[in-house]
Amino acid sequence: MKKKALILVGILVLIQLIRPEKNTAAIGPVIVADELLITDEVAVILEKSCYDCHSNRSNYLWYAEVAPVSWLIAHHVNDGKEHLNFSEWNTYNNFQKEHIIKDLYKEIKEDKMPLKTYTWMHPEALLSATEKEVLLSWVKSLNKN
Ligand code: HEC
């Protein structure tokens, strides 16, 4: 039994050597396109609830340093950015933009974002009813462009 525990500790120590790359390319404010019409009010909500996975800059908590949690987080961030990266909005074509705007409305309306696995550790990222309304009317304003 003791031997098994030691082996487990050994493995946990060893896997710490595999460190995924951090998503901190843009330290400082997240750069977003003017076209997104992000008001200060909207910016605060996106910053607290979405940018960790949908921009080029994530704020990491201490446990993000610890494998295998660090791998899971890296996976979520890469997956999130692949679907939507507010920092790279200008690289999307009109078709992609329309698709994302449509998805934004749906994901927010149906409480699909932020991801549940994230809000367990970041309860402050949960959207209040008011914040949800603010985001939804922001998304609606984008549709008219
Ligand atoms: C913990 C990381 C994480 C956070 C935080 C997060 N997302 Fe996501 N998001 C993802 C991942 C992963 C996907 C892709 C898989 C999926 O749809 O579940 C995704 C997909 C999306 C999509 C679909 C994009 C497309 O068109 O393919 C939208 C829209 C979206 N997120 C909006 C948001 C908004 C708005 C917030 C904040 C309120 C947010 N997300 C917070 C990880 C995250």
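I began with the salt bridges and found 7 of them in the structure, counting a side-chain nitrogen of Lys or Arg within 4 Å of a carboxyl oxygen of Asp or Glu. I keep in mind that this is a predicted model, in which local features need pLDDT of at least 70 and side-chain atom pairs count only at pLDDT 80 or more, whereas totals for chains, interfaces and linings use all residues. Residues are numbered from 1 along each chain as its sequence is written, and side-chain values use heavy atoms, with hydrogens and water left out.

**Entry: E65 and its partners**

I looked up E65 and found its side chain in a salt bridge with that of R19, at 2.7 Å from N to O. E65 sits in the loop between helix 3 (51-54) and helix 4 (69-83) and R19 in the loop between helix 1 (2-15) and helix 2 (40-49), so this pair ties together parts that are 46 residues apart in sequence. Helices here are DSSP runs of H or I with at least four residues, strands are runs of E with at least two, and both are numbered from the N terminus.

E65 also forms a salt bridge with K22, where the closest N and O atoms are 2.9 Å apart. K22 lies in the loop between helix 1 and helix 2, so its pairing with E65, in the loop between helix 3 and helix 4, ties together parts 43 residues apart in sequence.

For accessibility I took buried as under 20% relative accessible area, exposed as over 50% and partly exposed as in between, with a 1.4 Å probe and protein chains only. On that scale R19 is exposed at 52%, while E65 is partly exposed at 35% and K22 is partly exposed at 33%.

**Entry: K132 and D111**

I then turned to K132 and D111, whose side chains meet in a salt bridge of 3.0 Å, N to O. This pair links distant parts of the chain, with K132 in helix 7 (residues 129-143) and D111 in the loop between helix 5 (94-109) and helix 6 (116-119), 21 residues apart. K132 is buried at 17% relative accessible area, whereas D111 is partly exposed at 43%.

**Entry: the whole chain**

I counted 7 helices and 0 strands in the protein, and 34% of its 145 residues are buried. Its C-alpha atoms fill a box of roughly 65 × 30 × 25 Å along the principal axes.
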